[in-house]
Amino acid sequence: MAPGGLPDISGMTSLKVDVTGAIPEQWNADELRRRFERFGDIGDVFVPRERYSDRPRPFAFVRFVEDDDATEAIKEMNG
């Protein structure tokens, strides 16, 4: 971890995952990790939250250790 408790994401490839429509009930880091780990090693998953309500926002970031794994995830999950 980097100073301040944040993960060191340098060298990782980030994918932005967007929700279309209503946010799924299982919209959390664990569920996203479970859905994307079949493509390769995941270094970090971040689901931003609303400032005042603490509800999850309709997007997240899945960060892969290897660029090729991120590319494969994009091919399979896009759409």
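The questions below go through the sheet, the helices, a pocket and some single residues.

Biologist: What kind of model is this, and what pLDDT must local features have?

Modeller: Residues are numbered from 1 along each chain as its sequence is written, and side-chain values use heavy atoms, with hydrogens and water left out. This is a predicted model in which totals for chains, interfaces and linings use all residues, side-chain atom pairs count only at pLDDT 80 or more, and local features need a pLDDT of at least 70.

Biologist: In what order do the strands of the open sheet lie?

Modeller: Helices (H or I, at least four residues) and strands (E, at least two) are DSSP runs, numbered from the N terminus. Two strands pair if DSSP finds at least two bridges between them. The open sheet has 3 strands with antiparallel pairing, and its edge strands, E1 (13–18) and E2, each pair on one side only. The order is E1-E3-E2.

Biologist: How many bridges join E1 to E3?

Modeller: The two strands run antiparallel. Among the paired residues, Leu15 has Val62 of E3 as its bridge partner, and Thr13 stands opposite Phe64 in E3. The number of bridges joining E1 to E3 is 6.

Biologist: Over how many bridges do E2 and E3 pair?

Modeller: Strand E2 covers 42–46 and strand E3 covers 59–64. Ile42 has Phe64 of E3 as its bridge partner, while Phe46 has Phe61. The pairing is antiparallel, and the number of bridges is 4.

Biologist: How many of the residues of E3 are buried?

Modeller: Strand E3 pairs with E1 and also with E2. It is mostly covered, and of its 6 residues the number buried is 5.

Biologist: At what angle to E2 does helix H1 run?

Modeller: Axes are lines fitted to C-alpha atoms, for helices over the stretch in contact, and angles run from 0 to 180 degrees between N-to-C directions. Helix H1 (residues 29–36) lies across E1, E2 and E3. Helix H2 (residues 67–77) packs on the sheet, touching E1 and E3, and its direction makes about 20 degrees with that of E1. For H1 and E2, the angle is about 140 degrees.

Biologist: Why does Phe36 count as buried?

Modeller: Phe36 is found in helix H1. Contact means heavy atoms within 4.5 Å, and, leaving aside neighbours within four places in sequence, Phe36 is in contact with Val17, Ile42, Val62, Phe64, Ala73 and Met77. It counts as buried because its relative accessibility is 6%.

Biologist: Is Arg34 buried or partly exposed?

Modeller: Arg34 lies in helix H1. Its relative accessibility is 48%, so Arg34 counts as partly exposed.

Biologist: Which element gives the largest share of the lining of the second largest pocket?

Modeller: A pocket is an open set of points on a 1 Å grid over the protein atoms alone, where a 1.4 Å probe fits, with protein on both sides within 12 Å along at least five of seven lines; lining residues have an atom within 4 Å of a point. The second largest pocket is lined by 13 residues, of which Val17, Pro24, Trp27, Leu32 and Arg35 lie nearest its centre. The elements giving two or more residues to this lining are E1 and H1. The largest share, 4 residues, comes from H1.

Biologist: With which residues is Ile23 in contact, leaving aside its neighbours within four places in sequence?

Modeller: Ile23 lies in the loop between E1 and H1. It is partly exposed, with a relative accessible area of 33%. Its contacts are Pro56, Arg57 and Pro58.

Biologist: What is the phi of Asp54?

Modeller: Asp54 is placed in the loop between E2 and E3. Most residues other than glycine have a negative phi. Asp54 is a residue other than glycine with a positive value, near 65 degrees.

Note on methods. Buried means under 20% relative accessible area, exposed over 50%, partly exposed in between (1.4 Å probe, protein chains only).
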